[in-house]
Amino acid sequence: MRLLALLAGLFVLTACGSDHPDMKLNNGDPAPQFSTVAVDGTSVAYPATYAGKPLVIRFWADWCKYCAGEMQAIEQVYRRHQDKGLAVVAINTGQDRATIAAFAHKVGFSYPTLLDETSAITKRYGVVGLPTTYFVDAQGIVRGKIVGEADEVTFERQAFALFK
């Protein structure tokens, strides 16, 4: 079953480049808008839901071997800075609600988990590998990007820079 999930995930990531082959979201670019649903059923729209707040957008899947540990590290940073206005969302790439909910429960993080079952948001952001994390300032401009695994210190430095 995990092999099937891995192959599906690789297909999703391969497909990411096909719709927008020139899509490269970089520092200084406006973060693309999106609308989706959180795993708890709450509607989420960017930028409306997070207007005026720094936002960390994390793309992940349960088959990603680096995602679980890093999401726990992100949780620590989130807890330290959420009262200052830091918002974090975890956008799952191409998996169903039950899989996402089980993973979130197992790993134990409190920031919102968003569905992207068709990978439309993932494609819009030009994600080509997981995990990928974007750091968006309060004006909706991308100020940082991490492709692959990052430790808690690196993540916190990028998140904290959103407040400057």
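Select Arg 80 first: this residue is partly exposed, at 37% relative accessible area (buried means under 20%, exposed over 50%, and partly exposed in between, with a 1.4 Å probe and protein chains only). The model is a predicted one, in which local features need pLDDT of at least 70 and side-chain atom pairs count only at pLDDT 80 or more, while totals for chains, interfaces and linings use all residues. Residues are numbered from 1 along each chain as its sequence is written, and side-chain values use heavy atoms, with hydrogens and water left out.

Arg 80 and Glu 152 form a salt bridge, with their closest N and O atoms 2.8 Å apart; the term denotes a side-chain nitrogen of Lys or Arg within 4 Å of a carboxyl oxygen of Asp or Glu. Arg 80 belongs to helix H2 and Glu 152 to helix H5 (residues 152–161), so the bridge ties together parts 72 residues apart in sequence. Helices (H or I, at least four residues) and strands (E, at least two) are DSSP runs numbered from the N terminus.

Now display H2 and H5 whole. How far apart are their axes, and at what angle do the helices pack? The axes lie 9 Å apart and the angle is about 40°; axes are lines fitted to C-alpha atoms over the stretch in contact, and angles run from 0 to 180 degrees between N-to-C directions. The contact (heavy atoms within 4.5 Å) involves Ala 73, Ile 74, Gln 76, Val 77, Arg 80 and His 81 of H2, facing Glu 152, Phe 155, Glu 156, Ala 159 and Phe 160 of H5.

Next, select Arg 58 and Glu 70, whose side chains meet in a salt bridge at 2.8 Å, N to O. Arg 58 sits in strand E3 (residues 55–60) and Glu 70 in helix H2 (residues 67–81), twelve residues apart. Arg 58 is buried at 0% relative accessibility, and Glu 70 is buried at 3%.

Finally, select Arg 143 and Asp 137, another salt-bridged pair at 2.8 Å, N to O. Arg 143 is partly exposed, at 46%, whereas Asp 137 is buried, at 7%. Across the whole structure, the search finds five salt bridges.
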